There are 2 protein chains.
Amino acid sequence: MDLVYTGKTKDVYALEDGNYLLKFKDDVTGEDGVFDPGANEVGLTIEGAGKAGLRLTKLFFERLKEEGIPTHYIDADIEKATMTVMPAEVFGEGIEVICRHRAVGSFYRRYGMYVEEGQPLDSFVEITLKDDERKDPPITKDALDMLGILTADEYETVKELTQKIADVVKDELSKKGLELYDIKFEFGRVGDSGEIVLIDEISGGNMRAFKDGEYIEPLRLEKLMLEE
Amino acid sequence: MDLVYTGKTKDVYALEDGNYLLKFKDDVTGEDGVFDPGANEVGLTIEGAGKAGLRLTKLFFERLKEEGIPTHYIDADIEKATMTVMPAEVFGEGIEVICRHRAVGSFYRRYGMYVEEGQPLDSFVEITLKDDERKDPPITKDALDMLGILTADEYETVKELTQKIADVVKDELSKKGLELYDIKFEFGRVGDSGEIVLIDEISGGNMRAFKDGEYIEPLRLEKLMLEE
């Protein structure tokens with residue numbers, strides 16, 4: 001089992017059968033010792049953070065399987081904090097796809113001339129490039145196509161999948177009295193056909209959720225979602 | 001004749017017949033006393049800048065008329081530095097539409113992971129909001145539609161007009177040995193039908209042009225374009 005990539009919050013190993021093993025670490029992104037899922041650097045280590053993230057990811061990926069929504073997920077071993085996944089090719093050097101149900105974060109910072117903070121948005125989808133140096137810039141459908149990152153058809157597939165997956169997550173959260181404000185996903189192409197599937201993880205750090213008007217930070221969100 | 005708006009580089013007067021008169025000023029945008037067409041503040045005053053900008057605008061708007069491309073232009077009086085235009089309704093609080101033939105400026109700053117500086121782009125169109133406070137953020141077709149700024153159909157019309165107009169400007173520049181790298185336009189709706197037309201101006205400050213690999217600053221560009 002070869003370590004092929006060391007990420008900020010996960011290590012990736014190549015398995016002999018061609019699949020990959022993701023090892024969820026207790027490192028979380030943040031700044032100045034404060035957990036911030038939007039940060040681009042590892043900020044601190046929290047014991048149990050890796051396993052909690054994996055447990056929530058497993059919950060969502062298995063729900064998506066029931067809904068017939070394709071992901072790279074094969075199975076997970078919570079004790080070892082590992083997840084087995086199919087090999088996938090990312091788009092370009094990686095993109096993040098965001099689905100917004102309320103205007104907060106970078107959307108509000110950009111478009112505050114036209115929206116109130118927290119205003120409902122109708123499953124609005126936008127894409128940013130994974131590029132720490134350039135602060136993950138937003139990018140249009142036309143630019144993704146022109147730069148060879150995502151074709152126009154692939155864009156539509158990604159948008160549709162994103163809205164479906166965000167709906168599944170929103171429903172699961174609402175069962176615990178939580179409201180999903182926004183969520184980010186990663187996608188990739190698998191197999192010879194290049195089928196587009198959800199990759200990476202769906203843990204607390206991927207989303208902003210509120211309960212009774214109060215922001216629920218990622219680790220508390222995971223705890224609320226995972227308790228019986 | 002009532003002054004209805006004082007802009008950074010133009011004043012706007014309402015005429016009795018319902019049209020508007022744009023008075024081109026010698027104020028140009030910039031920072032620290034240096035002319036910068038991309039800046040959001042008036043930086044300095046250059047004698048003759050208003051008239052030169054108007055002369056070039058007149059040249060392009062009359063060329064566009066020959067091509068059957070709709071604009072708000074009626075006529076111009078160079079001596080008085082004024083242009084008469086039809087009333088137009090801007091989109092939202094105003095948008096800027098950029099057409100790029102080479103990857104420079106903010107496009108290169110955002111997407112430098114995928115392009116070389118100066119790399120040719122195929123009449124790539126993108127839109128930014130006019131919002132000094134938020135530094136004119138880029139915005140997607142979907143977001144423009146959702147925020148009620150531009151419908152999906154209007155977006156396609158604006159994109160098509162932008163590419164046609166940029167081609168006309170590119171051809172005119174090439175007659176003087178100049179290469180157009182990028183250019184920004186403003187559009188609005190006129191009349192009861194809400195027909196989409198080019199508004200504002202097309203002067204040196206709207207574009208980046210190069211000659212033999214050297215950047216030609218706006219006032220020199222205007223001089224080169226206007227000399228017999």
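Reply: Buried area is the accessible area, taken with a 1.4 Å probe, that two parts lose on being put together, summed over both. The model discussed here is predicted.

Me: What is the area buried between chain A and chain B, and what percentage of it do carbon and sulfur atoms give?

Reply: The contact involves 31 residues of chain A and 31 residues of chain B. Between these two chains the buried area is about 2500 Å². The part of that area given by carbon and sulfur atoms is 69%.

Me: How many salt bridges does the rule find across the interface of chain A and chain B?

Reply: A salt bridge requires a side-chain nitrogen of Lys or Arg within 4 Å of a carboxyl oxygen of Asp or Glu. A:Lys159 and B:Asp142 form such a pair, with their closest N and O atoms 2.9 Å apart. Across the interface of chain A and chain B, the number of salt bridges found is 2.

Me: Which element supplies the largest share of the side of chain A that touches chain B?

Reply: Between the two chains, 6 residue pairs are in polar contact. On the side of chain A that touches chain B, at least two residues each come from α2 (105–111), β11 (120–129), β12 (138–139), α3 (141–146) and α4 (152–174). The largest share, 5 residues, is supplied by α2(A).

Me: What relation superposes chain A on chain B, and which residue of chain A comes closest to the rotation axis?

Reply: A rotation of 180° with 0.0 Å of shift along its axis brings chain A onto chain B, at an RMSD of 0.0 Å. That is the relation of a two-fold axis. The same surface serves both copies, since 100% of the contact residues of chain A recur in chain B. At 2.8 Å (C-alpha), the residue of chain A closest to the axis is A:Thr140.

Me: What is the radius of gyration of chain A?

Reply: Chain A has 5 helices and 16 strands. For 228 residues the globule rule gives 17 Å, and the value for chain A is close to this, so the chain is as compact as a globular protein of that length. The radius of gyration of chain A is 17 Å.

Me: Which strands hold A:Arg102 and A:Glu179?

Reply: The side chains of A:Arg102 and A:Glu179 form a salt bridge at 2.6 Å, N to O. This pair ties together parts 77 residues apart in sequence, because A:Arg102 lies in strand β10 (residues 95–102) and A:Glu179 in strand β13 (residues 179–190) of chain A. The strands are thus β10 and β13.

Note on methods:
Residues are numbered from 1 along each chain as its sequence is written. Chains are lettered from A and ligands numbered from 1 in the order in which they are written. This is a predicted model: local features need pLDDT of at least 70, side-chain atom pairs count only at pLDDT 80 or more; totals for chains, interfaces and linings use all residues. Side-chain values use heavy atoms; hydrogens and water are left out. Contact means heavy atoms within 4.5 Å. A polar contact is a pair of N or O atoms within 3.5 Å; within protein, one must be able to donate a hydrogen and the other to accept it, and residues adjacent in sequence count only if both atoms are side-chain atoms. Helices (H or I, at least four residues) and strands (E, at least two) are DSSP runs, numbered from the N terminus. Copies are superposed by least squares on the C-alpha atoms of residues with pLDDT of at least 70 in both. The radius of gyration is taken over C-alpha atoms; the globule rule is 2.2 Å times the number of residues to the power 0.38.
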